[in-house]
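The structure is shown first.

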Amino acid sequence: MIINVKTESGSYDITLKRNAINEVSSILDIKGKALIVTDSGVPEEYSKIVASQIKNSVIYTFPQGEQSKNFETYSALLKTLAENNFDRSDCVIAVGGGVTGDMAGFTAATYMRGIKFYNIPTTLLSQVDSSIGGKTAIDFLGYKNLVGAFYQPNAVIIDPDALKTLPKRHFNNGLCESIKMAATSDSELFKLLEENNAEDIIDTVIEKSLLIKKQVVEEDEKETGLRKVLNFGHTIGHAIETVTGLEELYHGECVALGMMFMASGEAKERIKNLLTKNNLPTETDFNVEAVYEALHHDKKSAGSGVNVVTVKSIGEFEFKFLEYNEIYKILKGEK
């Protein structure tokens, strides 16, 4: 299946197909050199399969984890490009999850003011969410995605077969992003997830999630309006992630917790049940004061408060501006 995404920055295709990783050479027309960026948690075979299909390639592997999404790794990638004489006719290819996509994408966006970027996501989280839409970033001073750029990929290749090596917890971590999108924008997908084992219908889940994000990104590429809906669960979730660290909770798990604070009525109960069904957390102990402090550095902060997304009914959402004192009460369970 080919899904075309049209933005003001340009148009690109998402190829969603099993065994697609073995067809990179026929899907992508790569004439120059390619820097293949991956991390130590991604099966080595994936980057090697991609490299074997490109005449002139370099593989760069950085240590797995959010802690590598920093200026040190970014600098090392730039150095690799420069030392191998990459120019604007060459490209960067991400093979891995969200961190890999962020690092590779931000590097491609800034090297020589921008070179071609291709994304081959190998985790469920990156396949349904982070690999499309053009958000690239690195963490700075302990805050998530503080430095970055909007830079759309030239193409995305999604191979559901790559998920076969994904640990169950990582699968559930990524599934949370599909649950998030279904909760705000697709009641039918949400019901599908309620009634089925996600692994049995994963091709459909990926497709429907991509179609939701495609629609949102096409309408609002730079997140000035509708695209903020994709932040459901992320405002408090990112703050929890900053405070707890990813050694304790994964990104999707933090988003799951964040959704519970921003859902109400029948939607909250259904979201809670679906998260529980997929072994995702719905409550945890955390330092309220520390999370509250981290919220002040959220990119959606605006003066005296934060713009958030709330859900009362599955498939529907509302944008709200909450004062910091209101957020504090929510965190304390007083509202």
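## Strand pairing and the sheet

Asp13 stands opposite Ala155 in strand 9. The model is predicted, so local features need pLDDT of at least 70 and side-chain atom pairs count only at pLDDT 80 or more, while totals for chains, interfaces and linings use all residues. Residues are numbered from 1 along each chain as its sequence is written, and side-chain values use heavy atoms, with hydrogens and water left out.

Helices (H or I, at least four residues) and strands (E, at least two) are DSSP runs numbered from the N terminus; two strands pair if DSSP finds at least two bridges between them. An open sheet of seven strands has the order 1-2-9-6-5-3-4, with mixed pairing. From one strand to the next, the twist averages 15°. Axes are lines fitted to C-alpha atoms, for helices over the stretch in contact, and angles run from 0 to 180 degrees between N-to-C directions.

| Strand pair | Sense | Bridges |
|---|---|---|
| Strand 1 and strand 2 (residues 10-16) | antiparallel | six bridges |
| Strand 2 and strand 9 | parallel | four bridges |
| Strand 6 (residues 116-121) and strand 9 (residues 155-158) | parallel | two bridges |

A hairpin of two residues links strand 1 to strand 2, and Asn4 stands opposite Asp13 in strand 2. Ala155 in strand 9 is also the bridge partner of Tyr118.

Helix 3 (residues 71-83) packs on the sheet, in contact (heavy atoms within 4.5 Å) with strand 3 (34-39), strand 4 and strand 5 (91-96). The direction of helix 3 makes about 165° with that of strand 4. Helix 4 (residues 98-110) also packs on the sheet, touching strand 3, strand 4, strand 5 and strand 6, and its direction makes about 170° with that of strand 5.

## Cysteines

A search of the whole structure finds zero disulfides (pairs of cysteine sulfur atoms within 2.5 Å). Cys176 is in no disulfide, and the nearest cysteine sulfur, that of Cys254, is 9.5 Å away. Buried means under 20% relative accessible area, exposed over 50%, and partly exposed in between (1.4 Å probe, protein chains only). Cys176 is buried at 0% relative accessibility, and Cys91 is buried with a relative accessible area of 2%.
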